[in-house]
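Work through the exercises below with the sequence and the model at hand. Each task is followed by a solution in steps.

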Amino acid sequence: MGTAAVHLLLLLGLLHAGPGGEGRKGWRRRGPAARERGEAAAAAPAESFPLDFTAVEGNMDSFMAQVKSLAQSLYPCSAQALPHDLRLHLLHNASVTCNDGSPAGYYLKESKGSRRWLLFLEGGWYCFNRENCDTRYDTMRRLMSSKEWPATRVGTGILSSQPEENPHWWNANMVFIPYCSSDVWSGASSKTEKNEYAFMGALIIQEVIKELVGKGLSTAKVLLLAGSSAGGTGVLLNVDRVAEQLEEMGYQGIQVRGLADSGWFLDNKQYRRTDCIDTITCAPTEAIRRGIRYWNGIVPERCKLQFKEGEEWNCFFGYKIYPTLRCPVFVVQWLFDEAQLTVDNVHLTGQPVQEGQWLYIQNLGRELRNTLKDVTASFAPACLSHEIITRNHWTDIQVKGTSLPRALHCWDRSLHESNKNGKAPLKGCPIHLIDSCPWPHCNPSCPTIRDQFTGQEMNVIQFLMHMGFDVQKMAQQQGLEPSKLLGMLSSGN
């Protein structure tokens, strides 16, 4: 057992060796990409966990197999792996509830010794009047009630405890906050005889923070408030409020940051206008305008002051609220977000799209790219998709050769460096990554697309042709041979 412990320490020591150490050389890939990873690992901030796996990415499967084998030999009494589940805790304050009055709650996996906390806000659309909330309760009850929530959840993507799946945040304290308020995490109204449903999204977050302080959050160095879809918008609406809450509680030393995934919606004109009946058909501006009144929704004071009374709905749109935020926020957004296209009434049903739809989709990508140009930290692939940070393939997507976990690691470092000495972000470690190619899925690392009818996987050329993309016409417009254009599409240029 003593020998196994020594072997494990030696293996881990390889990760911790300095830039000139023989151990690091043995694990390093050849070429500029490896040098970039090696330099990143050598300059890792003090706030990060002490082991940086970027230097061994090429041998990660083999390396982790050895570490796990050695770790298990240190615990012969237990043949099972250490638990990776997040466990459910219902809020002690029973007055802070889900839509139906059942107690709200959160899932927690503690990581003893880590001073980094990741709080994730679940997404799942919203409802904005009695009728569509009733329908939501009948069809998606887990998003309005805690009565059937499981006792545990397994974290995936950025919530995973596996270094292979989550290279830079795997050992943080993980918190998953289920979405059961249907109000984009903005509501502050309880259930009464007059109000059939409670909308307490903003209050749920505050209550979770209060409880976590007693579970170790009080000693945190970094709190990353993350979320996807409605949860991503919830991050923008709540990140400053969380920072202010912790300051008021006396924890000024905790660095609060935001990570908004697929929650950066545009309030653009719909491709085809329809009546505002439910979340899918209603224009986003009108749905949120109605929703705020129904939920008694609250928005950050600094954003609210930018608009006239009654125009608070503007703060639900990323490009309008972002300039008013104090906390640093990293924005992850597909340039062709499926939820955005849905509310804009562009429905890709498997039939070739009409020319008007195709032009609308391309214009959407341009508009979204423009709204992100002044966002300091962003990752925007030219893909047709929705949500990414909790998907187990989140490490595969790249923009300009940089993966999302790598970009987040660079962002961590840039914030640490700027706190320490005011320097600009480090060279070779980009944090502003936006695809410049103009079509959906022109990035070759985009998630796999399947034909909705046959289930067959499609490559980017098949997908574009499936959507009615005219290669001959587009090549002529670009002054290219069709074969050259197809080659550029295949390579993502």
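**Exercise 1.** Classify R290 as buried, partly exposed or exposed, and find its salt-bridge partner.

Solution. Step 1: R290 has a relative accessible area of 29% and therefore counts as partly exposed; buried means under 20%, exposed over 50% and partly exposed in between, with a 1.4 Å probe and protein chains only. Step 2: the partner is E286, with the closest N and O atoms 2.7 Å apart. A salt bridge here is a side-chain nitrogen of Lys or Arg within 4 Å of a carboxyl oxygen of Asp or Glu. Step 3: E286 is partly exposed at 23%. Step 4: both residues belong to helix α8 (284–295) and are 4 residues apart, about one turn of the helix. Helices (H or I, at least four residues) and strands (E, at least two) are DSSP runs numbered from the N terminus.

The model is predicted: local features need pLDDT of at least 70 and side-chain atom pairs pLDDT 80 or more, while totals for chains, interfaces and linings use all residues. Residues are numbered from 1 along each chain as its sequence is written, and side-chain values use heavy atoms, without hydrogens and water.

**Exercise 2.** Which parts of the chain does the salt bridge between E244 and R326 link?

Solution. Step 1: the N to O distance of this pair is 4.0 Å. Step 2: E244 is in helix α7, R326 is in the loop between α10 (318–321) and β8, and 82 residues separate them. Step 3: E244 is partly exposed at 33%, whereas R326 is exposed at 59%. Step 4: the count of salt bridges comes to 14.

**Exercise 3.** What is the strand order of the open sheet of 10 strands, and which strands form its edges?

Solution. Step 1: the order is β4-β1-β2-β5-β3-β6-β7-β8-β10-β14, with mixed pairing; two strands pair if DSSP finds at least two bridges between them. Step 2: the edges are β4 (152–154) and β14 (432–434), each pairing on one side only. Step 3: β1 (85–90) runs antiparallel to β4 and is joined to it by 3 bridges. Step 4: D85 stands opposite V154 in β4.
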